[in-house]
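Here is a walk through a structure, one piece at a time.

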Amino acid sequence: MTRRTSVFWIAHGVAVAAVLVALSPWGRDRGRRGRVVVAFDASASVVEVGAGPRDVADAFATRFRPLDPSTVVDGLVFGATAAPWFSGAAPDTVAASMRTALPPVDGWGSSPADALAAASAGGGPATVVLVTDGSGVDDACVAAARGLRAGGHVVHVAPVHVARPMARPFLADVRAPLRVAPGAPIRLEVTVAARGASATEAVVAVRESGGAEQRRRVAVPARGAISAIVRFDGGAMRGVRRFEVALDGGPADAARRASVEVAVGDALSIGVLGRVPEWAAALGDGFAIRRVDAADAAVDVLVVHGLVAGPPPLDARGAAALADAVRDGTGLLAVAGSVGFGPGGWRESPLATILPVRIERAGPDADVSVLVDRSGSMAAADRWPSAVRGVVAVVAGLGSRDRVRVATFARDVAEAIAWRAVPGAAGAIRNALGAVRPGGPTNLAAAVDAVRFPPDEEPARRRLLIVSSDGRLGGGPARYRALGHALRERGVRVGVVQSGGDAPAAGLRALTLDGANGRVVLADGDDLERAFRAAADDGWWIDPVPPVRAVAAPTPPAGGWPQPQRVSRTRLAPAGRLVADAGDAPLVAIGRHGLGRVAVAAFDAGETAWAGPEPWRTLLPGVFGDERPRGVRGRVDVRGGRAVASLRVPEERAVATWTLRWGSRRIPFDPIGPGRLRTASFSPPPGGATAPPAFAEFGDRRVRIGVAVVHGAELAVDDRDTTRHARLATAGGGRVLGPGDTIPAPMAPSRAPAWPWAALALVAFLVGRAVKFAPIGGR
Amino acid sequence: MLEREPILVAMSGGVDSSVAAALLVEAGHPIVGVFMRGSLPAGAPPGGRPRGCCSEVDAADVRRVADRLGIPFHVRQLADGFDDLKRYFAESYHAGRTPNPCIRCNRTLKFGALLDLAEALGCAAVATGHYVRRDVGPDGDVTIRRGRDDDKDQSYVLLSLDRDIVRRTRFPLGDYTKAEVRALAKRFGLGVADKAESMEVCFVPDDYRDFLERRDPGRIVAGRFVDTDGNDLGPHDGHQRFTIGQRKGLGRAFGRPTYVVAKDAATNRVVLGDRADLGVARVDVREVGWISSAPLEAGQRFDARVQVRHRQQPVEAAVTVHPDAALIVEFSAPLLGVAPGQGAAVYRDDVLLAGGWIATTERATA
């Protein structure tokens, strides 16, 4: 074979290969590998009636064939809202990733449209697999899928549903008072729900043990709920009254019967330090409210409201006694009122150590310039180390968005730390000042004159100058008064620490404009550190009130949450749990201290700006910890040898820690917040499958709850929803997955043209022909 | 930002009104401070009255606090009405009554002038540093309640106000104790945290007897002490020099604890007796104003607590509304040291229902 022939065939080979590549999927989709986002349905129609989201996810993992090992999977859960669950998981670790904490999702509604929006938010084309029963698929959802398709995403639908053993009405909730006073009527609120296709009727029967029965007929909407109120006359006898609640007719499974117990005795006792009449008016019946002057272990819950820390009853001893009482089991509700987290001084009180929030300085961010005297007088024993500790303490008390600058002065000024953000500044300051050796005369005037603050910003920042001096100044009072006026004109407040002397030096007083723009704190030796803090604290709280931000609370009471003035600045403590928030700040939080609970209302809405009694009527029993698990919806699904227990806490509850008792076993649950769902898998003991668990343990109390057992619920395609599934998949450019189907490769279809490959093929072909058939020159 | 009503704060230079102003500033209210000068004419030399209520020192303190808070600050002179107030004060003593000029001033001068000024400055309300709580019901009705600090409660001195005044007045300190207010003053950096309280009548810097002699020379003349049976016990220097319940300073010894139990201005006689003779069972209260309640109908009788002196704990009493709008107060137990001319505040629980002036007293029978 001649060389020409060889080149000809090689060129044709290249051309043929280019044509094949251009026609192949690899050529069309080359390299455009997308994400896989699996969105699990946690709406009521799935979770309440059937399995929990974890169960749905488990089923998804077993029903469908594994994904490409190189795929990266994000998971999210959706109900009425959508939230990320896990991210960046490899397919073989998806199951493990599912064990990460379930995010809070309001599961009563279903909004796959939200899920689609969340799934597409990660950037880049995604293959979205919507694991849903399809009940929430509506026009908006279809439109969202269509939009995703236009954006290069693909939406597949993995239909799941349980067989519907609970389509008939079931007891969704039974509410009863914790305690009633002797003679007080007992009001039970029974909520009946259904997940059927059409409205139906149910008869609620409530019978007191050994007593009369009352019945109420209710019309239950399809996939809705309705409440019936049943009242029983009060009795004079103290003790426990037990009521059996059942839905008449049909199988008497655990989801259609429940029991509640109401203690007849003393009402929840509330000891108020502060505004007793206000609380008496706010809480109304059901609470025995009295004024206490100090921590009193005889009450169920102590309320501290609007007090100022420092004087009794919130002096150091009083606050410590409060902490001790809570540690021993008394509940504490701390309401900061209009001053607590500001000038009320809770921040420095021992009370602050047990609150579920951390108190930061209020008001705008600050720029703090510190001038430290390094003259010869500071070389006296312990003065300089104390001053250094004082400066560090000042910086430690600043907020994370504050800025600080430190300079030292004697005859001249030396900048130790230029303007910088507070985080990490303390160590640098300690190092810089630690290397200074005091000596020389004092020339404060020049040092003050040289102080410069960063330029004005919006919103305005506070400006504070902290000066330490021995009081032997260069220049007379007039000079310092002029400096003081100049500082004031620049919006700078002054705090002065005078080391030594029995009275403030005239020049230093003049610098503070005789107290009108700051004050002079006298201190020496070890006291210098405290004095620095005092100088920084002076007048800190009086500042323009920052704008009020909209309150975003998960459970706004009737009338809404109070609007905070945002004088307070708090953040959630590590062990605190958020009940409601206002913008980026906690509004109501709850935590533990020893055996007791502490709730804090961190708003500063003023002395009478209440949201109404409901939040407090709800919160106080939760703080006491003797709350019956009203409205807790629990169920256990048993399939084969495995059970999945799930508990949901109603919105109005603060937080609960649960242990489920199943026969002799105890299954712990993580703490659960309002509206949250918790699930746990376990292997039921032999025989347990036929005996529903009867108790949940709440702290050291054991209370009866209704837990349903659903045997053999199978995930299956719901025929009724097939049309919805198909419509959604079609709109999203994907398909409805069947059992055993392979999850489509996480590739996004490419619209990339094939012409480069075709061109390559043509060029190769022409080159081959040219080489073979061209005349040979020079012959 | 919440839209908050502008408020005129009556500032005396003391810690209470200063903290009240600071709390309102902190709460985001636009604030205007005003210092009401009472007895001193504008431009009085600073050395004339350096300390005490309404003094130059107080004015300077108010100015400093206002400067600290960054609020506008005004001084207003109350001299026009003060002559009437001084006349009331003196004539009360001459008539054998025990006056309370500060409570009178609240009604006739201070709050009226403050509210007028507030209106002129565009302020929606007036705030003071009284330790009094003020609640607003859902229907807009205002209730005045005793302050949280029972020792410091000042609702008594507001007994002469009417409902329109309390509707337009704010009391930011009602939920705080005095100790808490001092702590707040320190944290606010107000510089008046440890300032002593002023308790005297602003236009009586020394002894009221000297004031009466300077004002009405010759009207205080010698009279006679008598016992409760009318027996003569000797001379005295004028009934105006004595107050009901006074034991010391009678000018002579009687060999046993002796108290002023009554005065008769018409005959210039001062009645002396034992402590038991001081007990008053019933008082007739006139010029009644209803503060936290609509006026009750004549003939109604209700249980209440009644206070007749500042810093006296209210005592149990039965109150009957008289047809001529007076209140007949019958104490559950004899109350000591009650004199005509004193104010009487009527409470239901801690709510200040009504107030008026004691016209006559009726001694308890043994």
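Predicted model: local features only at pLDDT ≥ 70, side-chain atom pairs only at ≥ 80, totals over all residues.

Chain A has 779 residues, and 48% of them count as buried. Its secondary structure comes to 18 helices and 37 strands. If you take the contacts in chain A with a separation of 6 or more, 73% are between residues 24 or more positions apart. Chain B has 366 residues, of which 47% count as buried, and it has 7 helices and 17 strands. For chain B, residues 24 or more positions apart make up 66% of the contacts with a separation of 6 or more.

Now for the inside. Which residues touch the most other members of the largest nonpolar core? That core has 151 residues, and the ones in question are Ile270(A), Leu351(A) and Val19(B). The element that gives the most to this core is helix H1 of chain B, residues 15–26, with 8 residues. Another core lies apart from it, with 49 residues, including Val404(A), Tyr480(A), Val494(A) and Leu528(A).

Leave out its neighbours within four places in sequence, and Leu351(A) is in contact with Ala309(A), Leu314(A), Ala319(A), Leu322(A), Ala323(A), Ala334(A) and Trp346(A).

Back to chain B, and to helix H6, residues 178–188. Is this helix largely enclosed or left open? Of its 11 residues, 9 are buried, so H6(B) is largely enclosed by the rest of the structure. The buried residues are Glu180(B), Val181(B), Arg182(B), Ala183(B), Leu184(B), Ala185(B), Lys186(B), Arg187(B) and Phe188(B). Just after H6(B) comes Gly189(B), with a positive phi of about 70 degrees.

Helix pairs are worth a look too. Two packed helices are described by the angle between their axes and the distance between the axes. Helix H10 of chain A (residues 383–396) packs with helix H11 of chain A (residues 425–434) at an angle of about 165 degrees, and their axes are 9 Å apart. Angles over 145 degrees count as roughly antiparallel, which makes H10(A) roughly antiparallel to H11(A). The crossing of H10(A) past H11(A) is right-handed. On the H10(A) side, Val388(A), Val391(A), Val392(A), Val395(A) and Ala396(A) do the meeting; on the H11(A) side, they meet Ala425(A), Ala426(A), Ile429(A), Arg430(A), Leu433(A) and Gly434(A).

On to the sheets. Strands of a sheet pair through backbone hydrogen bonds, either parallel or antiparallel. In chain A, 6 strands form an open sheet with mixed pairing, in the order E3-E2-E1-E4-E5-E37. Strand E3 (82–89) and strand E37 (733–736) of chain A stand at the edges with a single partner strand each, so one side of each has no neighbour in the sheet. On average, neighbouring strands of this sheet are turned by 20 degrees against each other, direction ignored. At one end of that order, strand E2 of chain A (residues 73–78) pairs with E3(A) in the antiparallel sense over 5 bridges. Within that pairing, Val77(A) has Ala83(A) in E3(A) as its bridge partner. Helix H7 of chain A, residues 139–150, lies across E4, E5 and E37 of chain A, and runs at about 135 degrees to E5(A).

Chain B has an open sheet of 4 strands, again with mixed pairing, in the order E9-E8-E11-E10. Here the edges are strand E9 (232–236) and strand E10 (259–264) of chain B; each has a single partner strand, so one side of each is left without a neighbour in the sheet. Neighbouring strands of this sheet are turned by 30 degrees against each other on average, direction ignored. Strands E8 (residues 223–227) and E11 (residues 269–273) of chain B pair in the parallel sense over 4 bridges, and Val226(B) stands opposite Val271(B) in E11(B).

Last stop: strand E13 of chain B, residues 301–307. E13(B) pairs with strand E14 of chain B (residues 315–321) in the antiparallel sense over 6 bridges, with Val315(B) in E14(B) as the bridge partner of Val306(B). E13(B) also runs antiparallel to strand E16 of chain B (residues 343–348), joined by 3 bridges. There, Arg305(B) stands opposite Tyr347(B) in E16(B).

Notes: Residues numbered from 1 in each chain as written. Chains lettered and ligands numbered in written order. Core = buried A, V, L, I, M, F, W, Y, C linked by C-beta atoms within 7 Å. Buried ≥ 20, exposed ≤ 12 C-beta atoms within 10 Å, placed from the backbone. Helix = DSSP H or I, 4+ residues; strand = E, 2+ residues; numbered from the N terminus. Contact = placed C-beta atoms within 7 Å. Pairing = 2+ DSSP bridges. Axes fitted to C-alpha atoms, helices over the stretch in contact; angles between N-to-C directions. Parallel < 35°, antiparallel > 145°, perpendicular 65-115°, else oblique. Left-handed = near helix turned anticlockwise from the far one by under 90°.
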